[in-house]
Amino acid sequence: MKILVTGASGQLGSTFKSIAAQEQAKDLDFVFKSSKELDITDFAAVHEELTGSDYAYCINCAAFTNVDKAEAENELAYRINVTGARNLAVNCNESSTVLIHISTDFVFDGFLNTPYLEEDIARPIGFYGDTKYKGERAIINNLEEHFIIRTSWLYSEFGHNFMKTMLKLGAERDELSVVYDQVGTPTYALDLAHVVLHIIKAHSIDYGVYHYSNEGVASWYDFAKEIFQQYNIDINLKPIRSEEYPTPAERPKFSVLDKSKIKNTFGLQIPYWKDSLSVALKAYSKINI
Ligand code: NDP
């Protein structure tokens, strides 16, 4: 079974590369395309790639993911997250390819105080979330055979993410302030990748929007604290409010996702975030000896 992975040199794309050679993926023929090899904003290039090959699935890991930069670079963020998503959907439709697309908890405004369900109203408060939501709509309007998986606070041993930033800062500083009034769930990219493989191997036709994160709830402060504790880094960590750490983009205060739908549909057991963090830190240590 042939599978196209777009945005292959990013964090999630690299995670798929790391598992492509493993036993569980041995029947799957992955084709990895970085942004240079396949620009998803280029309709003709996407058309040629998808219609010229026999892909059963396309996993879209390509996105404009810098939440703060998206506020200034509106046009580019829109082109990648909306036009790019539409290009994939239209051409997947033509080539009978199932599209597995990754979206975000930032489609929500964060005013709820119970975990967000798939059908809760999306009301993004930043440009990144807005483009990701419009990208979802572009897929839904152009392709029936889609899985849109909204995830949150993705981290891993690959690419740029909060875990790696904390480890770097932990090695450089004695003291650090991290916000405690934004609450969500850290998600290990490897756990998400395994879920995507599970859906593919099940040949599921339960298309639609799903929420997936690790289990549990944390603030960014809790997440940082746990990283330092598990990695034995001695640092004076201070909890601060978002107002004390102003950023160009506003973030939702609460973005915990309800995962009942994906658990029930696919019979999944989801790891608790602290357990997955310890797996990720071990993987990080191996790479960075
Ligand atoms: P990364 O930023 O690590 O990777 C995104 C990749 O997309 C990069 O390799 C980038 O390439 C590539 N890309 C950018 N523009 C294009 C283009 N026009 N054509 C093809 N590829 C392009 O993101 P993650 O792996 O962390 O994120 C994966 C998905 O998960 C995204 O959809 C994101 O929105 C979603 N998500 C991420 C979260 C997070 O915390 N990171 C949280 C929730 C959801 P290059 O580097 O060359 O520009």
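A polar contact here is a pair of N or O atoms within 3.5 Å; within protein, one must be able to donate a hydrogen and the other to accept it, and residues adjacent in sequence count only if both atoms are side-chain atoms. The model is predicted, so local features need pLDDT of at least 70 and side-chain atom pairs pLDDT 80 or more, while totals for chains, interfaces and linings use all residues. Residues are numbered from 1 along each chain as its sequence is written, and side-chain values use heavy atoms, with hydrogens and water left out.

Start with the ligand and Lys132. An N or O atom in the Lys132 side chain is 2.7 Å from a ligand oxygen. Next, select Asp39, where a side-chain N or O atom is 2.8 Å from a ligand nitrogen. At Leu154, a backbone N or O atom lies 3.1 Å from an oxygen of the ligand. The protein covers 79% of the 900 Å² of accessible area that the ligand has on its own (Shrake-Rupley method, 1.4 Å probe).

Finally, select helices α8 (residues 220–230) and α10 (residues 273–287), whose axes are 11 Å apart at an angle of about 50 degrees (lines fitted to C-alpha atoms over the stretch in contact; angles run from 0 to 180 degrees between N-to-C directions).

Technical notes: Helices (H or I, at least four residues) and strands (E, at least two) are DSSP runs, numbered from the N terminus.
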